[in-house]
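Hi,

Here is the structure I promised to pass on.

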Amino acid sequence: MHYIAHLAGLGSILRNIRRIVRRPQVARKVMTSLNSSQASSRKFSKAECVLVLITMVWGGTFLLVQHAMTVSGPMFFVGLRFAAAAIIVALFSWRHLRELTLFELKAGAFIGVAIMLGYGLQTVGLQSIPSSQSAFITALYVPFVPLLQWLVLGRRPGLMPSVGIMLAFTGLMLLSGPAGASFNFSPGEIATLISAIAIAAEIILISTYAGQVDVRRVTVVQLATTSVLSFLLVVPTQEVIPDFSWLLLCSALGLGAASAAIQVAMNWAQKSVSPTRATLIYAGEPVWAGIVGRIAGERLPAIALVGAGLIVAAVIVSELKTKGKAVAAEKALERETQG
């Protein structure tokens, strides 16, 4: 049969038929994979949705902190807030704490130091510089994350994440209203600048340890570390221990519960979300803070609304990177199947 087919040219015809039949199958495979990738790239992952949710909660806490500062000093309140958070998480993780390892203890301690510096120094800085200037300086944590990754870990950010980061940073500047603010390296400005570096370090540390530790145990350690260090700093900062008040207690418990939820969610979600991507999501925090402020009677100026729009654009731009990678992957798949 082989020789008959060869003489009649049937072998060539059959090979052509097989190629004709196979092409639609390859095309269907490529299109199915492409549609699947495009569908997945249009949606936030579950971890990213969780980060968006806690960013909303994070933005809503500023109003409570503002009221709490009328009855307490900054470091004492940070210590009280994170003590409540540590107790809340410990109550739900008591059985797991028995298996705490030395590595998890070190990881939680490092993250706790970063949290204390971030929350504590930002609050200290607000005692001597305007809130708009503090927000402007704190916003530097957005470009600090990829810069620290580059300088410390050697991970150079890609083009689209870099564009998204700069858009987010510009939007944060407009939201903070930095017009007229000068950077003179006063003690308050230096404290706030260090807090921005600490926030960036916290995000990187969480991502570094996220896949190697138990989320509940590490969260308890980092919250407890933050609380203890904040209370210890009450002495050198010469804060006066405030009298008991229901406002202070309720604020500490409420913000402690919020901090517990935020830290657990960050530790869990950043197992699969990159620090750069997480930073862009966290950059939406001033937007949610502005919404809460509007509900409370505040009104954002037009320039701040432009800043909010730039932050939304930053997230969209970061999505373009994912889509581009998906298309490139599909082209590679198509070349492979055709070859």
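At what angle do the axes of helix H4 and helix H6 cross, and within what distance do they come? Before the answer, some ground rules. This is a predicted model, where local features need pLDDT of at least 70, side-chain atom pairs count only at pLDDT 80 or more, and totals for chains, interfaces and linings use all residues. Residues are numbered from 1 along each chain as its sequence is written, and side-chain values use heavy atoms, with hydrogens and water left out.

Now the answer: H4 (residues 74-92) and H6 (residues 102-125) have axes that cross at roughly 145° and come within 9 Å. The axes are lines fitted to C-alpha atoms over the stretch in contact, with angles from 0 to 180 degrees between N-to-C directions. Helices here are DSSP runs (H or I, at least four residues; strands are E, at least two), numbered from the N terminus. The crossing is right-handed, meaning that the near helix is turned clockwise from the far one by less than a right angle.

Which residues meet there? From H4 you have Pro-74, Met-75, Val-78, Arg-81 and Phe-82, and from H6 Ile-115, Met-116, Tyr-119, Gly-120, Thr-123 and Val-124. Sorted by class, that contact has 8 nonpolar, 2 polar and 1 charged residues. For that count, Ala, Val, Leu, Ile, Met, Phe, Trp, Tyr, Cys and Pro are nonpolar, Asp, Glu, Lys and Arg are charged, and the others, Gly among them, are polar. Contact means heavy atoms within 4.5 Å.

Gly-120 deserves a click. This H6 residue is buried, at 0% relative accessible area. (Buried is under 20%, exposed is over 50%, and partly exposed is in between, using a 1.4 Å probe and protein chains only.) Leaving out residues up to four places away in sequence, Gly-120 touches Met-75, Val-78 and Ile-115. Gly-120 also sits 9.4 Å from Phe-76, C-alpha to C-alpha, although 44 residues separate them in sequence.

On to the cores. A nonpolar core is a set of buried Ala, Val, Leu, Ile, Met, Phe, Trp, Tyr and Cys residues joined through side-chain atoms within 4.5 Å. The largest has 52 residues, and Leu-51, Ile-54, Tyr-141, Val-142 and Tyr-282 have the most contacts inside it. Helix H10 (residues 187-209) gives the most to this core, with 7 residues. Ile-54 touches Ala-261, Ile-262, Ala-265, Met-266 and Tyr-282, again not counting residues up to four places away. Another core, of 9 residues, lies apart from the largest one and includes Met-75 and Met-116.

Two more residues to look up. Thr-219 is in helix H11 and counts as buried at 0% relative accessibility; beyond its neighbours within four places in sequence, Thr-219 contacts Val-89, Gln-263, Val-264 and Asn-267. Gln-238 is in the loop between H11 (215-232) and H12 (246-269), and is exposed at 69% relative accessible area. The phi of Gln-238 is positive, near 55°, in a residue other than glycine.

Of the contacts between residues at least 6 apart in sequence, 92% join residues at least 24 apart.

Cheers
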